[in-house]
Amino acid sequence: MYNLIIVSSKPSDWTHEEFIQWWRGPHAEATMKIPGLRSWRQIEIDRAFDERSEDWDGVSLLSFDSSEAADRAFASEQWKDAVAQVGEMRGRRLAFLGEEVVRVPDAAAQGLAL
């Protein structure tokens, strides 16, 4: 799996709740249309682990079959629509791309009882 990892923070004039509502609502509606998107996980940040990690609101993990599949998705009209939906919201983000290596598989993927 090839992943795009985005760490996001809200604009300074939004509440955390406003950001989450937008992120899981209108922004999610646009993002889910991206071709080649194999999975998308959203993690709402409810607390920082330490001081250096404060002031972030969410993490997105968007997964594609390969780097090439991700590049095709980023060139699509649906990607452009999702980016346009963000518009001028003025929040911060960090974005990274990389190949996934699973060290501990999900219990469900192993057929284990949860």
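Is threonine 31 buried or exposed? Threonine 31 is buried, with a relative accessible area of 4%, where buried means under 20% relative accessible area, exposed means over 50%, and partly exposed lies in between, with a 1.4 Å probe and protein chains only.

## Basis of the model

This is a predicted model, in which local features need pLDDT of at least 70 and side-chain atom pairs count only at pLDDT 80 or more, while totals for chains, interfaces and linings use all residues. Residues are numbered from 1 along each chain as its sequence is written, and side-chain values use heavy atoms, with hydrogens and water left out.

## Overall architecture

The protein contains 4 helices and 4 strands, these being DSSP runs numbered from the N terminus, with H or I over at least four residues for helices and E over at least two for strands. In sequence order the elements follow the pattern β-α-α-β-β-α-α-β, and the C-alpha trace spans about 45 × 35 × 25 Å along its principal axes.

Of the 114 residues in the protein, 32% are buried. Among contacts with a separation of 6 or more, 74% are between residues 24 or more positions apart, a contact being heavy atoms within 4.5 Å. The accessible surface comes to about 7,900 Å², and 51% of that surface belongs to carbon and sulfur atoms; such areas come from the Shrake-Rupley method with a 1.4 Å probe, and for residues only the protein chains shown count as cover.

## Strand S1 and its partners

Strand S1 (residues 2–9) is largely enclosed by the rest of the structure, because 7 of its 8 residues are buried. S1 pairs in the antiparallel sense with strand S3 (residues 58–64) over 7 bridges, and asparagine 3 stands opposite serine 63 in S3. S1 also pairs in the antiparallel sense with strand S4 (residues 92–99), over 8 bridges, and here serine 8 stands opposite arginine 93 in S4. Two strands are taken as paired if DSSP finds at least two bridges between them.

Methionine 1, in the segment before S1, is partly exposed at a relative accessible area of 36%. Leaving aside residues up to four places away in sequence, methionine 1 touches Arg38, Ser63, Phe64, Asp65, Gly98, Glu99 and Glu100. Methionine 1 and aspartate 13 are 12 residues apart in sequence and 36 Å apart in space, C-alpha to C-alpha.

## Charges and salt bridges

The protein has 13 positive and 20 negative side chains, and the centres of the two sets lie 3 Å apart. In this count Lys and Arg are positive and Asp and Glu negative, with His and the chain ends not counted, and the place of a charge is NZ of Lys, CZ of Arg, CG of Asp or CD of Glu. A search of the whole structure finds 5 salt bridges, each defined as a side-chain nitrogen of Lys or Arg within 4 Å of a carboxyl oxygen of Asp or Glu.

One of these joins the side chains of arginine 90 and aspartate 13, at 2.8 Å from N to O. Arginine 90 lies in the loop between helix H4 (77–86) and S4, and aspartate 13 in the loop between S1 and helix H1 (16–24), so the pair ties together parts that are 77 residues apart in sequence. Arginine 90 is exposed, with a relative accessible area of 55%.

A salt bridge also joins the side chains of arginine 41 and aspartate 106, at 3.6 Å from N to O. Because arginine 41 lies in strand S2 (residues 39–44) and aspartate 106 in the segment after S4, this pair ties together parts that are 65 residues apart in sequence. Arginine 41 is partly exposed at 47% relative accessibility, and aspartate 106 is partly exposed at 45%. Within helix H4, glutamate 77 and lysine 80 lie 3 residues apart, about one turn of the helix, and their side chains meet in a salt bridge of 3.4 Å, N to O. Lysine 80 is partly exposed, with a relative accessible area of 42%.

Threonine 31 belongs to helix H2 (residues 26–31). Not counting residues up to four places away in sequence, threonine 31 touches Leu37, Trp40, Leu62 and Ala82.

Alanine 107 is in the segment after S4 and is partly exposed at 28% relative accessibility. The C-alpha atoms of alanine 107 and alanine 70, which are 37 residues apart along the chain, are separated by 27 Å.
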